[in-house]
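Morning, everyone. I have one structure to walk through today. Have a look at it first, and then I'll start with a single residue.

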Amino acid sequence: MGDGNWIVENLRNALAMWNAKLTEIWAVMSQSPDEFKGGAVWDVMVNINDALKAIGYGLLVLFFVMGVMKTAGSFAELKRPEHAFKVFIRFALAESAITFCMDILLMLFRIAQGAISVIMSSSGIMPSAATDLPQEVITAITNVGFWDSIPLWIGSLIIWVLSLVMILTVYGRFFKIFMATAIAPIPLASFAGEPTANIGKSFIKTYAALCLQGCVIVLACVIFSVVASEEPTLGNVAGMSAVTITWQYIGELLFNMLVLVGTIKTSDRLIRELMGLS
């Protein structure tokens, strides 16, 4: 609904952009990798994963030989049944990890996706609860002069930028998951040798952290939605100037948005700290 004021329309367009990106995040976070963008990207990553398995099997033998040379003090020690059994069990498990790496990675993602779904359903928050300008602020903006309205233009620009940063971070998480899935056979081959097994362990932990990063993103959106649903703390509007009303509201709105975008932007670091990966 137009108000005949271009500043109001500019702010409303910026908020419409913000609301659209929040809704898009809500939709993206409820998708699995094979549903993202119709599954086309996932199919390509699966093909690359299958192609890299050949390299993974080659590295498997290399890491296995390196592990045997470092863990076996002598050939006589390797001939001991218990030591040989331990070494070949490790080789078999590493070979299985490469063969069934897609199943392992999808299992990790589904566990995280289940947690995300529970958070979404338990919060009772719907992305349709859009952020909009209160009538008091609209009325105040119409009474603001040209020079006093400059911060409102900057505020609109900041909202646009924050919207883009927020959605780029969410898409970036999916891209990282895709890339990690594609190259998975190579780091998983390191399980074949005891000295190199830490590479595979770090990869699994990092992949799990990428999946669980979605929980932090969804929680941040839920908290923002609850905060944004509250009436703005404008105080005694009757005793305030139009400039004070508009600047106070825009300042509070931008602060909440900055907190949300900052949390989403650093969600990867937060989840890594929680999992002890930092």
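Asn256 is buried, with a relative accessible area of 18%. Buried means under 20% relative accessible area, exposed means over 50%, and partly exposed lies in between, using a 1.4 Å probe and protein chains only. Keep in mind that this is a predicted model, where local features need pLDDT of at least 70, side-chain atom pairs count only at pLDDT 80 or more, and totals for chains, interfaces and linings use all residues. Residues are numbered from 1 along each chain as its sequence is written, and side-chain values use heavy atoms, with hydrogens and water left out.

Asn256 sits in helix H10. Helices are DSSP runs of H or I with at least four residues, strands are runs of E with at least two, and both are numbered from the N terminus. What does Asn256 contact, leaving aside neighbours within four places in sequence? Phe224 and Val227. Contact here means heavy atoms within 4.5 Å.

Asn256 also lines a pocket. The second largest pocket is lined by Asn256 together with residues including Phe224, Val227, Leu260 and Thr263. Its volume is about 180 Å³. On a 1 Å grid over the protein atoms alone, a pocket is an open set of points with protein on both sides within 12 Å along at least five of seven lines, and lining residues have an atom within 4 Å of a point. Grid points are joined across faces, edges and corners, and the volume is the space filled by probe spheres set on the points.

Which elements give two or more residues to this lining? Helix H9 (197-229) and helix H10 (242-265). H9 gives the most, with six residues. By class, the lining has nine nonpolar, two polar and no charged residues. Ala, Val, Leu, Ile, Met, Phe, Trp, Tyr, Cys and Pro count as nonpolar, Asp, Glu, Lys and Arg as charged, and the others, Gly among them, as polar.

Stay with H9. Ala197 is found in this helix. Ala197 is buried, with a relative accessible area of 5%. Not counting residues up to four places away in sequence, Ala197 touches Arg90, Ser190 and Phe191. The C-alpha atoms of Ala197 and Gly67 are separated by 9.2 Å, yet the two are 130 residues apart along the chain.

Now the whole protein. The secondary structure comes to 11 helices and zero strands. Of the 278 residues, 44% count as buried. Among contacts with a separation of 6 or more, 85% are between residues 24 or more positions apart.

On to helix packing. The axes of H5 (residues 101-123) and H7 (residues 150-182) come within 11 Å and cross at roughly 160°. Axes are lines fitted to C-alpha atoms, for helices over the stretch in contact, and angles run from 0 to 180 degrees between N-to-C directions. H5 and H7 are therefore roughly antiparallel. Angles over 145 degrees count as roughly antiparallel, and those under 35 as roughly parallel. From H5, Met102, Leu105, Phe109 and Ile116 meet Arg173, Ile177 and Thr181 in H7.

H1 (residues 6-29) packs on H7 at about 10°, with axes 9 Å apart. That makes H1 roughly parallel to H7. Their contact has 22 nonpolar, four polar and three charged residues.

Last stop: Lys37, in the loop between H1 and helix H2 (40-71). Lys37 is exposed, with a relative accessible area of 54%. Lys37 has a positive phi of about 55°, although it is not a glycine. Most residues other than glycine have a negative phi.

How values were computed: Parallel < 35°, antiparallel > 145°, perpendicular 65-115°, else oblique. 1 Å grid on protein atoms, 1.4 Å probe; cavity = no way out; pocket = protein on both sides within 12 Å on 5 of 7 lines; lining within 4 Å.
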